[in-house]
Each structure stands twice: as structure tokens, then as C-alpha cells.
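Visitor: I would like to learn how to read the features of a model like this one, step by step. Could you show me the general idea first and then the case at hand?

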Amino acid sequence: MSAHAFLPTTLALPALQPARGRPRTFRPDSAKAERRSSPEVAERVRPLTRGQVGDRLQELGDLYAETSGGDAWAWNQARAAFLRRLAADARRPGFSLLIAETTALAGYAYGFPTADAGPWWAGACGHLGGSLLRRGAPGGLFVVSAIVVPPRVRREYRDQVWNLARRLQRRLLADHGAALGVTLVDARDARTVETMRSWGWRTAGDDTLPAMPPTVPPGPFRVLVLAPGT
């Protein structure tokens, strides 16, 4: 296995528009669901085992592609690239994937815990400071690698605790007792940064996190952090 499989990658967050040329998954009460973005009891959130993740790879890839935008060719490209990333992340120690479902898959998020000696940090050298690791101790840091939710969850009720993305990211950190969540976003991807901030994430160095380093090292990544319970 190539060491490149464990280099840091930016957050997987699909685009706002569904892919053209692919049927959208039917879900009961869709009109009501469009009026409200993931009410508290609308989706049941539960973890999958590694074996269950493997059994549902095709379904996970389909949902990612459906919310990634583009024509049929782009749909297939986005799906294939995402599944490669998911397969690599699933081999990391402590990997965890949560799904939200009603009668069909409604969304999911996944990530993994990390420590200063871990290969993810080694690959991120120059973009993450040692003070970030100290901020996460002793509970540790949890890397949120992907949040896959319907477009409406990114548009509506983003500050509500029952927003599906917030529920998924909050549960990931709580299940692992993490002191802090962390993710990397492409520095050029202003839309994703704005969406993540609307879900409670903050850029490392914000005044809201005074223990963080005052500046973020230059580079292709923007480091975002999330306090537990957000």
C-alpha cells in the first residue's frame, strides 16, 4: 500500500447542486423534508461497522455523487474519486462512519482520531502547528474527513442543533470523547469554508478559540476546528 494513501486530504463536502442525468433518490414526505432541513427526529443516526461500510460502499458513493453536481461523466468521476478516499480512510485506526437514515440513506459523516505521531499529522507538516496538538490534549483530536448531506441541509437552518450536519459532526466527536474536531479545507474553496463556519467550525486562530495559535501557516489548506457539543 502506498504511503500516499495516508497523506492529508481536504474535507469531502459535495457541491450544492445534484448531478444531472441521475435519478434522485425518492424519500417519503419529500415535500415536508424540503420545508425543514433535518428536523430532530427525521433521521436516525447510527454507526456502521467496517464490514457494514464495505457492504454499503456503492450506496455511499451514489449519495455522494448525487449531491456533487455535473453531468453523467462528472458524476462517475466524483463517485470513483470519493470511494478511493473512503477506502483509504477506512483503514485508519479508530475510523468511524455514522449514517442518518429513514427508509433510505439520508446522509453520513466519517473521520478518525489522530495523535502527534500519527501519519496524518506527518503528512500535514507545515500546515498544522504543535500548539494545535497541545490544544487537543488529553482528549485528543478527531479528524472529520467527510460530511455528506442533502443540499437543503447546507442551505437551511444551519444554526439549529437539529441540522443534520451538526448532529453528525457532534455525534462523531462525542462518541470518541474528542477534545477538538479538526479538518482541512482547500484554501481556495470559499464556499466550503463558509458552509463549515455556519455549522460551528472556526478557523484556527479565531478569537473564539484563544488557545489556538494566532496565525495559520501558509499553504494549500485552511485548518478548521470544532469544539465538542457544537
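Guide: What follows takes up a helix, the nonpolar cores, the aromatic pairs and the salt bridges in turn. Please keep in mind throughout that this is a predicted model.

Visitor: Let us begin with helix H4; how many residues does H4 have, and what span does it reach?

Guide: Helix H4 runs over residues 72–90, which makes 19 residues, and from its first C-alpha to its last it reaches 27 Å, close to the 27 Å expected at 1.5 Å a residue.

Visitor: Which residues of H4 are buried, and what covers them?

Guide: The buried residues are Trp75, Ala78, Arg79, Phe82, Leu83, Leu86, Ala88, Asp89 and Ala90. Their cover includes helices H2 (50–55) and H3 (57–66), together with strands S2 (96–101), S3 (105–114) and S4 (141–148).

Visitor: How should I read a nonpolar core, and which residues of the largest one touch the most other members?

Guide: As a general idea, nonpolar side chains in soluble globular proteins tend to be buried together. Here the largest nonpolar core has 24 residues, and those touching the most other members are Val144, Ile147, Val149, Leu168, Met196, Trp199 and Trp201. Two or more residues come from each of S2, S4, helix H8 (164–176), helix H9 (190–198) and strand S7 (221–226), with H8 giving the most, namely five residues. Apart from this core lies another, of 19 residues, which includes Leu60, Ala78, Ala90 and Ala146.

Visitor: What does Trp201 touch, leaving aside residues up to four places away in sequence?

Guide: With that exclusion, Trp201 touches Val144, Gln169, Gly181, Val182, Thr183, Met196, Leu224, Val225 and Leu226.

Visitor: How many aromatic pairs does a search of the whole structure find, and how is such a pair described?

Guide: A pair of aromatic rings is described by the distance of the centres and the angle of the planes. The search finds five pairs in the whole structure. In one of them, the rings of Tyr64 and Phe82 have centres 4.1 Å apart and planes at 5 degrees, so this pair is stacked. Because Tyr64 lies in helix H3 and Phe82 in helix H4, the pair ties together parts that are 18 residues apart in sequence; both Tyr64 and Phe82 are buried.

Visitor: Is the pair of Phe95 and Tyr110 stacked or tilted?

Guide: Its ring centres are 5.5 Å apart and its planes stand at 50 degrees, so the pair of Phe95 and Tyr110 is tilted. Phe95 lies in the loop between H4 and S2, whereas Tyr110 lies in strand S3, so parts 15 residues apart in sequence are tied together. Phe95 and Tyr110 are both buried, and along with Tyr64, Phe82 and Tyr108 they form one aromatic cluster.

Visitor: Finally, how many salt bridges are there, and which residues are linked in a network?

Guide: In general, side chains of opposite charge can pair when their charged atoms come close. The count in this model comes to nine salt bridges. In the one between Arg46 and Glu101, the closest N and O atoms are 2.5 Å apart; since Arg46 lies in strand S1 (residues 44–48) and Glu101 in strand S2, this pair ties together parts that are 55 residues apart in sequence. Arg46 is partly exposed, with a relative accessible area of 22%, while Glu101, at 11%, counts as buried. Arg56 meets Glu101 at 3.9 Å, N to O, and Glu59 at 2.9 Å. The network of salt bridges links Arg44, Arg46, Arg56, Glu59 and Glu101.

Notes:
Residues numbered from 1 in each chain as written. Predicted model: local features only at pLDDT ≥ 70, side-chain atom pairs only at ≥ 80, totals over all residues. Heavy atoms only, no water. Helix = DSSP H or I, 4+ residues; strand = E, 2+ residues; numbered from the N terminus. Expected span 1.5 Å × (residues − 1). Buried < 20%, exposed > 50% of the residue type's maximum accessible area, 1.4 Å probe, protein only. Contact = heavy atoms within 4.5 Å. Core = buried A, V, L, I, M, F, W, Y, C linked by side-chain atoms within 4.5 Å. Phe/Tyr/Trp six-rings, centres within 6.5 Å; stacked < 30°, edge-to-face > 60°. Salt bridge = Lys/Arg side-chain N within 4 Å of Asp/Glu carboxyl O.
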